[in-house]
Amino acid sequence: MSSQKWRVALTALLVVAAFWAFWNTFELWTMSDSEKQTMQEKDPGKLLTMQQKAIRLGLDLQGGIHVVLRVKLEDLDAASKEGAVDRAIQVVRNRIDALGVAEPVIQKEGDDRIIVDLPGYTDAARAEELIGQTAVLEFKLLESIENANLLLSKIDTVISAIEKENSSPTAATTTPTTPTGDNQVMADLMGDTTKKDTSASAYEFDETTDYSTDPLTSRLELTLVSSRTSTAWPGYTVNKKDQILIDRWLKDPRVKALVPPDVEFAWSTRSMIREAREVYELFLLKRKVQFPGNKIEGISLGRENMGGLAVNFKLSGDAAARFAQLTGANIDKPLAIVMDDRVESAAFINSKIRNSGQITMGTGASFDDARNLEIVLKAGSLPAPVEIIAKNVVGATLGSDTISKGFWAALVGLLLVLAYIAFYYKVSGLIADIGLIFNLFFLLAVMAALGATLTMPGIAGIILTIGMSVDSNILIFERIREELLAGKTVRAAIDAGYDRAWVAILDSHVTTLITAGALFILGSGSIKGFAVSLFWGVLISLFTAYVITKLIFDFRKQYKTLSI
């Protein structure tokens, strides 16, 4: 009896854990496109968390781009080769974040290769250009807040004028002659408005755009303030839903004409979650490169005096003197670390740095933040270029209609199997059906917990698992039938049936586990996906057969006859 209580408690605990692991996948898969769009606007942080914790769909289920990169290690010495591929992965990940791909899959293969899957992304030329270019790491100073406010004020005025002009239905077809009203504002700020860009793309603004007098600054939250001098610097937080709109504004030729040639806007490397919102950071930098990133060396993780995370680095020779001059002249000012024209970090200079320095991460930084900065700094200083050795644009071979048909076909097939087992083995068949349902549910929960990507080979692995689970139950039931025909009692037949079937079931499952392990170790890409689903499916099949279904059969031992 104590054994039964233990199995009941274990099963209940696993069911609760499985519900917790699978809940985000269930919510995301049952959510309509309009509901996702609404959540993206109201609570993007929650949507991002759901996407990260849900089972992802692979390229073969939704299409996209598959790229194989090779890191050129042959020209590096032994010390530089160590961790070079991991640093290259971080660089590639930063660039792919700039593409806006929701669920990229980036993984290491072998000693020098990187597999990149971009589901749902089809611009292969853009992806190749961004992934394959040489990494550039630079240090730049920020513009003063006074100049930034003046520039933002001018940009606000221009954006308001542009949008009011384009809100008029005749604006795109009427050629202005003499500037009047809002056009006069444009003329004052931009000069001759008759020279404006009349291309359609330059004038296509979203109808939902805010036409207030400060459309840009109303979307910026100032976040970069020195704690020692209480001086603000042009570093702003921007909600992700506004990032595309603001980026489009800043790229408008009339707005770009306002930006002095010696300054530039730059986005943060990646988005982050702040106060339950997914945000990007926007900086106004001085365009001049103050210090090249390939001069720093000896980069390592560390701790600052107050115990917070920090990244340590060293300098030598002329680089040390140059960096000392730079930091000595700019104490209490932020210094931006720029990677491929995106800002990885903007830390304040606390003291003059000569031969060694430390970049503090602040109290809100996580270990992953510090680790990312360390990798980015190393990547910028490491001459380890990558080359694209394979690239494929994968169509959504199944398509949404085919996926829907496949889902219903699989569901009908599963129901037919469940009905046949229930018909052939009666009440015992229904118990086997319960085990199959638990098997499928636990497997999906494990895949969600592992952050696995569901592909067609993965689905094949799930189907194979269900087949093995059916075989296990058939072996057990046939043994029990033989024992009952031999004249044994129900209790004795159940015990003997499970005992005699155990060896055969264990043999088949162990050999399949070995196969799955070999496929995972030696395979790659979708083959690994098949191996993962098969491996966990086989383990769960053993659990459901010998814990859940046997638990139910143990309660039936008191019966005089057995429906089987």
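Biologist: Which side chains meet in a salt bridge at 2.3 Å, N to O?

Modeller: General idea to start with: a salt bridge is a side-chain nitrogen of Lys or Arg within 4 Å of a carboxyl oxygen of Asp or Glu. Here the 2.3 Å pair is Arg500 and Glu483. Before going on, the ground rules: this is a predicted model, where local features need pLDDT of at least 70 and side-chain atom pairs count only at pLDDT 80 or more, while totals for chains, interfaces and linings use all residues. Residues are numbered from 1 along each chain as its sequence is written, and side-chain values use heavy atoms, with hydrogens and water left out.

Biologist: Where do Arg500 and Glu483 sit?

Modeller: Helices (H or I, at least four residues) and strands (E, at least two) are DSSP runs, numbered from the N terminus. Arg500 is in helix α17 and Glu483 in helix α16, 17 residues apart, so the pair links distant parts of the chain.

Biologist: Is each partner buried or exposed, or something in between?

Modeller: Buried means under 20% relative accessible area, exposed over 50%, and partly exposed in between (1.4 Å probe, protein chains only). Arg500 has 42%, so Arg500 is partly exposed. Glu483 has 4%, so Glu483 counts as buried.

Biologist: How do α16 and α17 cross?

Modeller: Axes are lines fitted to C-alpha atoms, for helices over the stretch in contact, and angles run from 0 to 180 degrees between N-to-C directions. For α16 (residues 456–485) and α17 (residues 490–522), the axes come within 8 Å and cross at roughly 150 degrees. As for hand, a crossing is left-handed if the near helix is turned anticlockwise from the far one by less than a right angle, and right-handed if clockwise. α16 and α17 make a right-handed one.

Biologist: Which residues do salt bridges with shared partners join into one network?

Modeller: Glu138, Lys140, Glu264 and Arg287. Lys140 meets Glu138 at 3.7 Å, N to O, and both are buried. Lys140, in strand β5, has a relative accessible area of 3%. There's a polar contact as well, meaning a pair of N or O atoms within 3.5 Å; within protein, one must be able to donate a hydrogen and the other to accept it, and residues adjacent in sequence count only if both atoms are side-chain atoms. The side chain of Lys140 makes one with that of Glu264, at 2.5 Å.

Biologist: What is the strand order in the open sheet of four strands?

Modeller: Two strands pair if DSSP finds at least two bridges between them. The order is β11-β5-β14-β15, with antiparallel pairing. β11 (291–292) and β15 (342–348) stand at the edges with a single partner strand each, so one side of each lacks a neighbour in the sheet. Two bridges join β5 (residues 137–141) to β11, and Glu138 stands opposite Pro292.

Biologist: Which residue takes a positive phi in the hairpin of β12 and β13?

Modeller: Gly307, near 95 degrees, in a hairpin with five residues between the strands. β12 (residues 297–303) and β13 (residues 309–314) pair antiparallel over five bridges, and Arg303 has Leu309 as its bridge partner.
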